[in-house]
Amino acid sequence: MINLQKLSGFLLSIFREFPRRHLIVSSALAGCLLALATYPNNDTDFKRQIAEPITLVIEERAPEVVALEPQEFELHWKEQRVTSGDNLSTLFQRAKLSPIDVYKVSSSKAGRALRNLYPGETFRFGVDSDGLLAELHYIKSPLERHIFTYNNGSYSAEKKLLEPDVLISYREGVIKDSLYMAGKEATLPDKLIMELANIFGWDIDFVFDIRRGDSFSLTYEDRYLEGEKLGAGNIIAASFTNRGKTYQAVRYTNSKGRSNYYTPEGRSMRKAFLRTPLDIFRISSGFNLRRKHPIHKKIKAHRGVDYAAPRGTPVYAAGDGKVIASGYSKPNGNYVFVQHGQTYTTKYLHLNRKKVRKGQTVRQRQLIGTVGSTGYATGPHLHYEFLVNGVHRNPRTVKLPQSRPIAQAEKVAFLKATKSRLTQLAKYQQATQLASVQHNNSSAN
Ligand SMILES: [Zn+2]
């Protein structure tokens with residue numbers, strides 16, 4: 001039905017454009033519609049077949065009209081990629097389309113989908129020979145596109161979602177210099193190295209406690225579309241051994257559709273406090289195990305941890321709480337103090353910029369400032385303090401509140417869903433161990 005509408009709309013547009021040929025075309029119209037009614041309701045088939053019956057019918061009556069066909073039916077395509085600062089108007093302008101076109105598309109019912117554009121998305125403009133925007137493809141990702149079609153004076157849209165093929169991949173590595181380097185060596189994409197650090201970063205201090213010989217292994221999704229690799233999806237299960245202690249995590253999507261990482265027993269990996277209130281991959285000294293923290297050693301009676309990081313590195317609230325101070329003093333420079341419930345307080349000193357005000361409520365991982373060297377500081381770093389009932393504790397070693405276990409109602413489903421994932425990880429681990437044993441034996445022979 002849609003195809004027939006599309007076609008009749010199109011033929012009507014020919015009427016408007018070629019009034020002198022009105023009669024010829026209209027006599028062909030009935031035949032065309034009849035012929036097309038028997039064709040499959042599929043877009044690509046439709047495009048391939050549309051020209052044929054029409055050409056045939058018209059040729060019989062008026063050969064001179066053949067010049068209209070089939071070029072008149074083909075759209076001229078232009079492509080524009082969204083870059084930062086783009087909006088619909090700038091994109092349409094670059095595609096040589098008018099503000100009226102922008103209005104018509106965006107004011108249509110389906111125009112909602114075009115409200116938030118992101119860099120990297122693509123627009124394909126299908127313009128007919130009259131300069132009319134007949135089709136607009138908004139390609140949000142290889143898996144999601146919105147097709148806008150001009151129909152009787154307005155645009156309608158159809159959202160198309162494609163399902164990728166998902167294969168499971170396995171990687172493992174041993175740390176020599178840094179987690180990042182070891183991840184690279186294992187050919188893990190950056191995104192997954194960071195996700196790995198995020199999953200275990202609650203338990204393991206990736207800045208200070210990573211040692212040579214620490215190891216990791218993980219299974220993750222590799223996504224393909226029509227044989228072409230789209231990139232890595234989520235980590236499914238992972239294991240990290242830090243100084244002889246092994247931590248395991250497995251991904252689970254609960255009945256509400258929310259995904260999280262849990263221990264095999266069903267405790268959330270996520271804790272009430274971030275172990276490190278900065279992105280660890282921005283911390284220069286945390287990256288290189290051989291470098292120590294010069295500022296930390298020089299300052300006597302030091303009551304916190306110093307993280308050397310480039311000026312401007314985001315500083316996050318370690319946990320949900322309320323800002324009880326946001327100010328400046330000579331020794332501290334710009335500082336922010338956050339109170340978490342009755343028991344805990346965290347302090348962030350020497351900030352370049354403060355991003356929160358006193359009295360403000362903050363969520364865990366909310367930006368509260370940026371790294372700087374204000375106050376008594378020899379270079380850009382974050383000085384971080386952790387207080388329990390008003391007493392300074394070492395944020396690196398303080399025992400943090402236990403995370404909540406998975407809801408009792410979910411427990412059975414959780415165990416069922418995650419068991420096979422953990423077994424799969426273990427099988428891969430054994431297989432590579434076996435392979436390396438055989439390799440060693442054969443090289444000994
Ligand atoms: Zn300090």
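These exercises, with worked solutions, go through some features of the predicted model above.

Residues are numbered from 1 along each chain as its sequence is written. In this predicted model local features need pLDDT of at least 70 and side-chain atom pairs pLDDT 80 or more, while totals for chains, interfaces and linings use all residues, and side-chain values use heavy atoms, without hydrogens and water.

**Exercise 1.** Find which residues of the largest nonpolar core touch the most other members, and where the core lies.

Solution. 
- Start with the term: a nonpolar core is a set of buried Ala, Val, Leu, Ile, Met, Phe, Trp, Tyr and Cys residues joined through side-chain atoms within 4.5 Å. Buried means under 20% relative accessible area, exposed over 50%, and partly exposed in between (1.4 Å probe, protein chains only).
- The largest core has 58 residues, and Leu179, Phe200 and Tyr348 touch the most other members.
- Helix H7 (residues 190-200) gives the largest share of this core, six residues. Helices (H or I, at least four residues) and strands (E, at least two) are DSSP runs, numbered from the N terminus.
- The core lies between domain 3 (165-262) and domain 4 (280-393), because both give residues to it. The domain bounds come from an automatic or database domain assignment.
- Another core, of 19 residues, lies apart from it; Ala95 and Leu117 are among its members.

**Exercise 2.** State where Gln429 is found, whether it is buried or exposed, and which side chain it contacts.

Solution. 
- Gln429 is in helix H10 (residues 411-444).
- With a relative accessible area of 18%, Gln429 is buried.
- Its side chain makes a polar contact with the side chain of Ser217, at 2.6 Å. A polar contact is a pair of N or O atoms within 3.5 Å; within protein, one must be able to donate a hydrogen and the other to accept it, and residues adjacent in sequence count only if both atoms are side-chain atoms.
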